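Here's a quick walk through how this fold is packed on the inside. Have the model open as you read.

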Amino acid sequence: MNPSTSRLFKAAAGAVLAMASLAASAQSIVMASTTSTEQSGLFTHLLPEFKKATGIDVKVVALGTGQALDMARRGDADVVFVHDTAAEEKFVADGFGLKRQSVMYNDFVLIGPKADPAATRGKDIVEALKKLAAANGAFISRGDKSGTHAAELRFWNQTGAADRRGSGYRECGCGMGPALNIAASSGAYILSDRGTWLNFKNRADLAVLVEGDKRLFNQYGVMVVNPARHPQVKQADAQKFVDWVVSPAGQATIAAYKIGGEQLFFPNAGQ
């Protein structure tokens, strides 16, 4: 091989390697998830660690859980990370998702004015909602088919008077952050996941009033969208995310996310 041919060969090989490197760096998946995982700041902490481990970018579309699952049913996502176990199990049973795996949990809390005019403060969420309805207290509902909205509806149903929520009940049809902003500006009560509340800066006169009820447990799950339904799903890369987030490394990264020294999410994969 003469010198000029050798140089051309090396240049071509270098170009191929550069293109391969560029293609590898361009790996990405779309994740349909909840506003709580994004607005709590978890993904800003979690996803760079996943990319560092795998080279895969994750493009997050943050919606209410119901909307996230609908997005995945249409084949517009590769993986789903949400928090409504019953809806997730139905998603898998209907053939839209592969195996559902638990990832982490935190809890819901009832937020309201520090003065608590409806006298809801305590540990019983159902009794608190009964008092709130009786007092016609201002309550902001997500009203967006999210995991938080589904939990709220369960609690109202447990009051035995789900159709009598008081004249102060309003639905915003919005994410957790905007709903908290409305509650803060209007002095209203609201059900929130603890993670978003801890990361929420515009608290005004709001405070946690009800916590500690076992019914407030908030479980998160993850699933790869079924490629048999949607062949464009990037199953291999989506599975890498699922495998990583339930692995010791992913679980430790979740546990390490704190605000003001307080842990926001508690890993429980495999439990």
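What do the buried residues of H4 pack against? They pack against these elements, where packing is by contact, meaning heavy atoms within 4.5 Å:

| Element | Residues |
|---|---|
| strand E1 | 28-34 |
| strand E2 | 57-63 |
| strand E3 | 79-82 |
| helix H5 | 85-93 |
| helix H7 | 147-158 |
| strand E9 | 217-224 |

A word on the ground rules: this is a predicted model, with local features needing pLDDT of at least 70 and side-chain atom pairs counting only at pLDDT 80 or more, while totals for chains, interfaces and linings use all residues. Residues are numbered from 1 along each chain as its sequence is written, and side-chain values use heavy atoms, leaving out hydrogens and water. Helices (H or I, at least four residues) and strands (E, at least two) are DSSP runs, numbered from the N terminus.

Back to H4, which spans residues 65-73. Its buried residues (under 20% relative accessible area, 1.4 Å probe, protein chains only) are Thr 65, Gly 66, Ala 68, Leu 69, Met 71 and Ala 72. Just past the helix, Gly 75 has a positive phi of about 85°.

Now the largest nonpolar core, which has 26 residues. Such a core is a set of buried Ala, Val, Leu, Ile, Met, Phe, Trp, Tyr and Cys residues joined through side-chain atoms within 4.5 Å. Phe 81, Phe 241 and Val 245 have the most contacts inside it. Leaving aside residues up to four places away in sequence, Phe 241 touches Ile 29, Met 31, Leu 47, Phe 50, Val 58, Val 79, Phe 81 and Val 222.

Strand E8 (residues 206-210) is largely enclosed by the rest of the structure, because four of its five residues are buried.

Conventions. Buried means under 20% relative accessible area, exposed over 50%, partly exposed in between (1.4 Å probe, protein chains only).
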